[in-house]
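Please look through the sequence and the structure shown below. The report that follows takes up strands, helices and aromatic rings in turn.

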Amino acid sequence: MAEEFEPRIELDATIVSPDRETEGERLDPELFHDLYKLAGEEGLPYFARLNGRGEAELFLVFESVDAFSEQTRDAVSIEFKAYQNKLLAVIWTLSDPLQPLGFPLSFDIQKAEERHMAQSILNQAATPIHYLAYEKGNLTHIYTESISLSAEEVERTEGMIRALFAGTPEELPHAAEVREEETETIYALSLSRELLQEDGVAFVLDYRRMMGAHGEEEAQHLLMRTVQQAVWVMRRHSRSEVRDSTFSIWVAEKGELLYLVVTPQLTHLFEVVHMSEDEANPFARFLMTLPAFVRCEDVSPLQTGAYPLLRYEKGRLYHLELDEHVQVRLAELHREAFSGHLNPYQ
């Protein structure tokens, strides 16, 4: 029996909503137990949920009331994008083109509950956005406003959901898909010795499986699209320390496995393995859900024979140009760090 496009979801009557009476007040931990779990225990800075009446609600959680004032200006808007089987609802709180700030919520359209959530946002006359502050174990309800979608936005986004549900992404409008922003190319040897010697975390993929399922060219495109999606989320993250981070992305092939290495580990920003999807390391979130994902490893990219391909610096992404001089430099650094070991660059 085919799965229903519009599923029936069992509601939790204990889920209550912040309202005008709670604005400016500390929320009761027992009454709003789910919000304390999501914002406090799981540390989610933004999320969606269904209340006890079956209405979809959006939540943005700030570090303080002052942070809320700094990170919200002008009219809030929602932009819908697609990435493979995910629908992204980006809540934009800063419209400045030089400093865009969005909170990207993802909905897996193949999952009934998440599909229902996305459909509810479209079907409701208005969807509430609740702004909260989480400080020292307390949740404060700052403010609530509602956002409405035009008939054209609803029709366009419903078409995206149907295409994702049917597994026909080729039917998505070109502008609906998340695409790589323009990047500059810099010489890989412009990276300092210290950056080239950083340790990181490797996401190990069964590359032979990817090529068997998609072909070599499409496997390469899938991998790059996944990396681009992670970078896209980093660029628009709600926390400034994430947006302003710096890291490099390396790639190495070891037999049938492919190592995609991110240096440094970014452990000060994220847990590498985190069950809360919207606050996970974006690389973990997207790479670990690929069918070809095998494991994570703490590694030195030099030891794996990896080459640096991309560099992210405070919102800007650079392609790294490689040549034989880069290979010689990496071989020298490997020899210094791992004397006596087989040098993968030679």
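Predicted model: local features only at pLDDT ≥ 70, side-chain atom pairs only at ≥ 80, totals over all residues.

Strand β2, which spans residues 56–62, is mostly covered, with seven of its seven residues buried. Ala-56, Leu-58, Leu-60 and Phe-62 point one way from the strand, while Glu-57, Phe-59 and Val-61 point the other way, and all are buried.

## The sheet and the helices on it

The strands belong to an open sheet of four, in the order β1-β2-β6-β7 and with mixed pairing. Because β1 and β7 stand at the edges and each has a single partner strand, one side of each is left without a neighbour in the sheet. On average, neighbouring strands of this sheet are turned by 25° against each other, direction ignored.

Helix α3 (residues 112–123) packs on the sheet, where it touches β1, β2 and β6, and its direction makes about 85° with that of β1. Helix α1 (residues 33–41), for its part, lies across β1, β2, β6 and β7 and runs at about 155° to β1.

## Aromatic rings

A pair of aromatic rings is described by the distance of the centres and the angle of the planes. The count for this model comes to seven aromatic pairs. In one of them, the rings of Tyr-131 and Tyr-143 have centres 6.0 Å apart and planes at 15°, so this pair is stacked. Since Tyr-131 lies in strand β6 (residues 127–135) and Tyr-143 in strand β7 (residues 138–147), the pair ties together parts that are 12 residues apart in sequence.

The two tyrosines can also be described by their accessibility: Tyr-131 is buried, with a relative accessible area of 1%, whereas Tyr-143 is partly exposed, with a relative accessible area of 36%. Together with Phe-62, Tyr-131 and Tyr-143 form one aromatic cluster, and Phe-62 is one of the buried residues of β2.

## A charge over a ring

Another ring to look at is that of Tyr-259, over whose face Lys-254 lies, at 5.0 Å from the ring centre.

Terms used:
Residues numbered from 1 in each chain as written. Heavy atoms only, no water. Phe/Tyr/Trp six-rings, centres within 6.5 Å; stacked < 30°, edge-to-face > 60°. Helix = DSSP H or I, 4+ residues; strand = E, 2+ residues; numbered from the N terminus. Buried < 20%, exposed > 50% of the residue type's maximum accessible area, 1.4 Å probe, protein only. Lys NZ or Arg CZ within 6 Å of the ring centre and 35° of its normal. Pairing = 2+ DSSP bridges. Axes fitted to C-alpha atoms, helices over the stretch in contact; angles between N-to-C directions. Contact = heavy atoms within 4.5 Å.
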